[in-house]
Structures are given as C-alpha cells and as structure tokens.
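Work through the exercises below with the model open. Try each task before reading its solution.

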Amino acid sequence: MAIKEDVESDLNEGITDPLMRVEKNLADGGSSRGGNQWMVYLSTFVAVCGSYEFGCCIGYSSPTQSAIREDLSLTLAEYSVFGSIVTFGAMIGAITIGPITDFLGRKGALRVSCAFCVAGWLAIYFSKGALSLDIGRLATGYGMGAFSYVVPVFIAEIAPKNLRGRLTAINQLMIISGVSISFIIGVLVSWRALALIGLVPCAVTIFGLFFIPESPRWLAKTGRQREFEMALQKLRGKDADISHEAAEIQDYILTLDRLPKAKLLDLFQRRYLRSVMIAVGLMVFQQLGGINGVCFYVSNIFEQAGFSSSVGTITYAILQVVVTAVAASVMDKAGRKPLILVSASGLVLGSLLTAISFFLKVHELALTATPILAVTGILIYIGSFSIGMGAVPWIVMSEIFPINIKGQAGSFSTLVNWLGAWLCSYTFNFLMSWSSYGTFILYAAINALAILFVILMVPETKGKTLEQIQGDINK
C-alpha cells in the first residue's frame, strides 16, 4: 500500500496546490521561517550517550584484565567468564527490550537500560570476588543489549528523513568512541575507578531525558494526540508547519491499528517476511563476516603475523573512529546501499590480504612482506567495516519495520546479532588453530555472499519517510 499517496489523496480535498507544495517541502526536511532542528540534535545527543555507554561496557574488560585478576585472585577461566558473560546479558536485553520499548516508550526504555548499567557498574566497583563481578557484568550486558536496539529506533523516529541516516550512524561512532576511550583511560586508572567512569554516560542520559520529547510516532500509536503534536512541533521547531508530516504519521498509525496486536510468530507472516529477511540477513552477515574475532583478538593477530601489537592496535583504534565519523557524515548523501556494498567489498579485500599474509608465513615464503600484508589487510578490513557494515544494518533495521511489529522484530533482530557475535568470538581461536589463512578465506567468502544479498534484497531507504519505506517493503 502506498501510504503517502493515500494521505495526499485525502488531503487534496479543499486544499490548494500551492499549500500542498509548501507542506511537501516541509515534510522533506525543510522548515518554515523561524523553525530549526536543535531539539532533534539535542535528543540525538542524549540517546547516543547510551551508545557511548555500550562502548564502555565492551571496552572495559581489555585494559583491566591483569589488575582484576591480581586484586581478586581470579583464574584465567574465571576472568574469561567475566569477559564473555556480557554477551549473554546482551542477548537477554535484546529479547526483552522490544516489548518494554513498546510499553514504556522509547524514553522509558532508555531509562531501563541506564538503570541496569548503573546497577552493573556499582556491583563491579564493590566486588570482592568472582560472583558479584559476574553479576555486575551480566547487568551491564543487559543494558548494552537494550541500548543496541532502542537508540537507533528512537533516533530514526524523531529525525526528519533528510537527517535520519546521518544521525542514526552516530550510534556506531559513539560505540566505537566508547571502546577506544575506555581502553585508553583503563591504562591510566584503576579498574574500580574505570567502573565509576562508566556511570557518567548513564547520568548524562538520565538527566537529558527530562529535556527532550518522546518519540512522536510512539505517542501517536498509543493515542496521545495532544502529546504527539506537541512532541513533533518541538522537534521540528515552534514555527514549522507539521500538518503534512503529522497527517502522514497518523494515517499510517490508523492503518496499523486495524491489524491485530503483533506476536513473535507474526513476524513470519507473508506481509512482514521481507522486512525480517532483510534485517536478519544483515545482522548475520555483519557478525559472521568476522568482525568480533578480529576486534577481540587484533593484538594477537598482529603478533602472529610478526607486527608490533601496540602500534597495530593503536592505529586500528584511531582508524576505526575516523572512518566511522566519515561514514556518519556522508550517510544521507551516499545512501545506505552504496555504503554497505563498498564496505562488504573492502571486507573481502581485507580478508584476502590477511589470508595471503598468513599463507606466506605458514609456508615460509616472502617473510619480510608478511607483516606489512597483515597490517594492511586488517586496517582495510576495519576501515571497510566502519564505513558501512558497522552502522548501516542498524539503520536499516530501525527503518524497515512497521511500528506495530517494531518491538518484536527489533528484539528478534538484535538477538540474532548477539548470537552471531557470540558465535564469531567463540569460534575464532578454534578456526585460527585449524588454519590461520583458511579462517580469513572463510570470512572473505561470507562477505562475498553479503554483497550478493545486499544487491538482491536490501532496498535503498535514503530520502524516504519511514512510512514510505515500510509501505514499499511490506506490500
């Protein structure tokens, strides 16, 4: 069903063409005199503090390993449980946060996510043994998994379509920044102090939520008409004409209200099947292409290839932040599909160069070229991932699901992502023991399949409203 066409047809009665052209321009991202989008930027900043918290949770275990093991007398196995249990917490968060987001709203879900992270950091800070440490890590993992869903959804629902891709991509940039900065700070402060520092992004988010509006689309869905109009007006500027955008959103909500309340099995109905396949496919390829294996063990990869692990890791971290920032700035100009195709192609190239490096080393050929090939391959790999495959799947996931199934679908997609993350990180060392170059050939093959999948299945969503995107996909 072409939602926009139906809405425009209804509005045409009694409205002149010039007025319709004005309203259309406003819906496309313009604003009337005096209108501005500062509230959109403020709301995005508050939300992506949750993404930064996500990065803090991921980055915490790496610089603190030696100190925690020494202070609490943990075995390597006990610390490995502490490091990995965060992914299980994230899976639980992914399963449950969708319904919570639908019930409490996007701001309510952000508060829940913060509450779990605060409880987790405090448990870690006061830990005297492995049990409390693991409970704290599990709680921060829950918050991390919850943030991974609710932040891109909230941003996608408040942003005008001309800014949506760019603002949603900041989510990935802040995650990367959180990881890198936690690693640097963790070298300078104690592990307990680093846990307290992890509370700062949560405090900013909780405080900031008092000053930003709820998602207008969620308010419309829950029947809060006056609050819906106030929130949309606040986001678009006090003098902006929101009539066309408000009518389009409400028409779409009314259409969805005629449908029964969504359950998990409803995701596999024919009308939603393409959306589910796109989201799940992107999440699977994002993780099984090898990113968590490379990310978690990059120092070891450089060491095995005969390159300085410290120099390689620092270069890796800087490149990741810079390229992610560039990708965020061009997201709404280049489009989602071109970026992810370029990204996947670079992942294939990076994987193949790394595979060649290990092949030469195993067979003792051109040993002087091995380290250079390895670092080049890994840097191309992470640069390519950061420019598209890191952020775009989350952006597309936040755009393609109708609001009546967004909670269930988002939770399911995020769960698939975390299962893939666990599978990749768990199998990496086993694969490297089997064949170092074979591991990266496998990753190259998976990323080649991702290119084919994107060409055949993934639509371009740049410059379209959420209602247009969902109407085109779920016909």
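**Exercise 1. Determine the handedness of the crossing of α17 and α21, then describe their packing.**

Step 1. The crossing of α17 and α21 is left-handed: the near helix is turned anticlockwise from the far one by less than a right angle, whereas clockwise would be right-handed. This is a predicted model, where local features need pLDDT of at least 70, side-chain atom pairs count only at pLDDT 80 or more, and totals for chains, interfaces and linings use all residues. Residues are numbered from 1 along each chain as its sequence is written, and side-chain values use heavy atoms, with hydrogens and water left out.

Step 2. Take the axes of α17 (residues 336–362) and α21 (residues 436–457): they come within 8 Å and cross at roughly 165 degrees. Axes are lines fitted to C-alpha atoms, for helices over the stretch in contact, with angles from 0 to 180 degrees between N-to-C directions. Helices are DSSP runs of H or I, at least four residues, numbered from the N terminus.

Step 3. That angle makes α17 roughly antiparallel to α21 (under 35 degrees is roughly parallel, over 145 roughly antiparallel, 65 to 115 roughly perpendicular, the rest oblique).

Step 4. Sort the residues of this contact: 19 are nonpolar, five polar and one charged. Here Ala, Val, Leu, Ile, Met, Phe, Trp, Tyr, Cys and Pro count as nonpolar, Asp, Glu, Lys and Arg as charged, and the others, Gly among them, as polar.

**Exercise 2. Find how α3 and α11 are oriented to each other, and which residues meet.**

Step 1. The axes of α3 (residues 38–59) and α11 (residues 225–236) come within 5 Å and cross at roughly 100 degrees.

Step 2. The two helices are therefore roughly perpendicular.

Step 3. From α3, Met39, Val40 and Ser43 take part; from α11, Lys234, Leu235 and Arg236 do. Contact means heavy atoms within 4.5 Å.

Step 4. By class, this contact has three nonpolar, one polar and two charged residues.

**Exercise 3. Locate the residues of the largest nonpolar core that touch the most other members.**

Step 1. A nonpolar core is a set of buried Ala, Val, Leu, Ile, Met, Phe, Trp, Tyr and Cys residues joined through side-chain atoms within 4.5 Å. Buried means under 20% relative accessible area, exposed over 50%, partly exposed in between (1.4 Å probe, protein chains only).

Step 2. Helix α5 (residues 76–125) gives the most to this core, 13 residues.

**Exercise 4. Decide whether α19 is enclosed or open.**

Step 1. Nine of the nine residues of α19 (residues 392–400) are buried, so the helix is largely enclosed by the rest of the structure.

Step 2. Among them are Trp394 and Glu399.
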